[in-house]
Amino acid sequence: MSNYHIKNFEEYFQIYRKSVREPENFWGEVAEEHFVWRKKWNSVLQYDFSKPEFKWFEGAKLNITENCIDRHLMTRADKTAILFEPNDPAEPAQHITYAELSKRVNKMANVLKSQGVKKGDRVCVYLPMIPELAVTLLACARIGAIHSVVFAGFSSTALATRIKDASCKMVVTSDGSYRGSKTIDLKGIVDEAVAQCDSIETVLVVKRTGEAIPMEEGRDQWLEPLLDEASTTCEPEIMDAEDPLFILYTSGSTGRPKGMLHTTAGYMVYTAYTFKNIFQYKEEDIYWCTADIGWITGHSYIVYGPLANGATTIMFEGVPSYPDFGRFWEVVEKHRVTQFYTAPTAIRALAKENLDYVNKYDLTSLKVLGSVGEPINEEAWHWYNDNIGKQKSPIVDTWWQTETGGIMISPIPYVTPTIPTYATLPMPGIQPALMDERGEEIKGNLVNGSLCIKFPWPSMARTIWGDHDRYRDTYFSAFNNCYFTGDGALRDAVGYYRITGRVDDVVIVSGHNLGTAPIEDAINEHPAVAESAIVGFPHDIKGNALYGFIILKEFGETRLRENLRKEINQQITEHIGPIAKLDRIQFVPGLPKTRSGKIMRRILRKIASNDTSNLGDISTLLNPEVVEQIIAEVILE
Ligand code: PRX
């Protein structure tokens, strides 16, 4: 029996038990058998929840790109590593072999070096889903620079905040990007952001759209001529196991975005291991994850996990609705995709369209379907299972987070029997626990509570960049000696987990994690706004949408309020990005508050969901009358 590849349910239990009983032996064996190391570790794991500090494979030396690229050159040089499917279906797909990827990554690494980027420097990557994005990540890893990818849908303000937080030295971007029928001026956004950031020395620009764009002398450089000059060999920087690999920002329920720091060896081992098992990946497979590399799903399951297994991974530049709603299925047929991994919000959007968009295409190549980012509702699960998988491809509902680095709870296809809406069982090495309000673990089955993980795992984020106290406070202070996820979950009669949603002030909109506080901060900057509170409410396609309760400084006329709604959403778009726009805005005379001045979001959530029959006890509020006024207004509007 191999620890690395789980083939049946009995093996899963055996391996899982071993991973809990002897975690160090288990991970040591996985690491030893499946990766190349310049030097082996002294210890598999050292940890201390009180600091908190976690060290995996301490003393080991490696470079992740040797594992993702170089070692495959002996056996898979001509195999496609990255299959690029452009936005426009008329533009040919590109098959980038492992040999070609090696050349491109080495060249890019040499360009970064020639521009003064060194080990430990931060490089901000603000690119669309084009091959240069994956190449830049790997090139940073090759020379030990820390990449910080910012999703190219974020605004210039959001980009600037992230560049400043990590004091990035360089931004890699493109002249523009294609998204469906739209062309977006990415470089213009970068120019606005960089104007506010002193740390940036160089902006490298990939040519994608060919739009005429201004280039700032001494700062901006076209990438192509630099690549033409660069050598195709770049010796990998030999990294310590715990050297940083990347920073990736995620929204918090309060304050600035959190720069989650992931390190090298543990992240590599865990993402490769979970990729292999959760997608039951085989050598000839064509794997497609539709996420953007701007999110953790793309980092772990488009780039590092698949490439560490020598897989063919598709990078898709476009959107599911362009040129029509059949695009995903057209791509599946065209490339004979075997594993397809997407988000519930995309499934729900496509399920609304005519089934002809699906039935036109041959989907018989599919073997595994994946879902990630938010709970998948039963209706969407069945639509996916019936129409895409034809009830033959198991659905893996994968639960995890930016912070966890890799998939934590998920069925293993053809191994774990699935139930709609259940993420089912933990991966080997993952020890979930449900906690009650007193901070005690709830044992047994048929229970629900706050989801924690009570033992370290290799790909956990090691800190928040520049703010270890916040890391401790956010994840390790709510409960003793364990990591708190921020999610609630239930465990059913057989021990399967079902994630019930966030228990904090984070709302998942179309699979994007949005903290309400940063949105409120953006709104409150509008001169007409006195105070605001944002909550989520159920939405057919997005899962959740945002509802803003806003107090104006002067309770304006209706006519003005319409303009204000537009301005407020504009303000949010500028500060965060269009994904954080409010679906509903209600101007209110006050917000329900406790006597200590805390906004009672629980009540606002009920009002926003049109579920006001049982608001619970509101008599302890400072201003219970406001609740009635708000409800009355909802009905009027
Ligand atoms: O609430 C959970 C939800 O997404 C959150 C993590 O968001 P993010 O860091 O952006 O990472 C998303 C991609 C891994 C979680 O705390 N979530 C993610 N996957 C699922 C999920 N909720 C239910 N079921 C899932 N499969």
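Leaving aside neighbours within four places in sequence, Leu101 is in contact (heavy atoms within 4.5 Å) with Ile69, Ala81, Ile82, Ile96, Val135, Leu138 and Leu307. Leu101 is one of the residues with the most contacts inside the largest nonpolar core, which has 121 residues, and Trp27, Trp37, Phe57, Phe279 and Tyr304 are named with it. A nonpolar core is here a set of buried Ala, Val, Leu, Ile, Met, Phe, Trp, Tyr and Cys residues joined through side-chain atoms within 4.5 Å, and buried means under 20% relative accessible area, with exposed over 50% and partly exposed in between (1.4 Å probe, protein chains only). Apart from this core lies another, of 45 residues, among them Cys197, Ile200, Ile534 and Leu546. In soluble globular proteins, nonpolar side chains tend to be buried together.

The model is predicted, so that local features need pLDDT of at least 70 and side-chain atom pairs count only at pLDDT 80 or more, whereas totals for chains, interfaces and linings use all residues. Residues are numbered from 1 along each chain as its sequence is written, and side-chain values use heavy atoms, with hydrogens and water left out.

Two helices can be followed next; helices (H or I, at least four residues) and strands (E, at least two) are DSSP runs, numbered from the N terminus. Helix 7 (residues 156–165) is largely enclosed by the rest of the structure, because seven of its 10 residues are buried, namely Ser156, Ala158, Leu159, Ala160, Arg162, Ile163 and Asp165. After helix 7 comes Ser167, with a positive phi near 40 degrees. Helix 13 (residues 344–351) is also largely enclosed by the rest of the structure, since six of its eight residues are buried: Pro344, Thr345, Ala346, Ile347, Arg348 and Leu350. The cover over these buried residues of helix 13 includes helix 12 (327–335), strand 18 (339–342), strand 19 (368–372), helix 15 (378–388) and strand 29 (543–552).

Val396 has its place in strand 20 and, at 0% relative accessibility, counts as buried. Not counting residues up to four places away in sequence, Val396 touches Ile278, Phe279, Val368, Leu369, Gly370, Ser371, Ser410, Pro411 and Pro413.

A polar side-chain atom of Asp397 lies 2.8 Å from a nitrogen atom of the ligand, and one of Asn513 lies 3.0 Å from an oxygen atom of the ligand. The protein covers 95% of the 550 Å² of accessible area (Shrake-Rupley method, 1.4 Å probe) that the ligand has on its own.

Elsewhere, Glu242 is found in the loop between strand 13 (239–240) and strand 14 (244–250). The side chain of Glu242 reaches the backbone nitrogen of Trp56 at 2.7 Å, and a polar contact of 2.9 Å joins the side chains of Glu242 and Arg462. A polar contact is a pair of N or O atoms within 3.5 Å; within protein, one must be able to donate a hydrogen and the other to accept it, and residues adjacent in sequence count only if both atoms are side-chain atoms.
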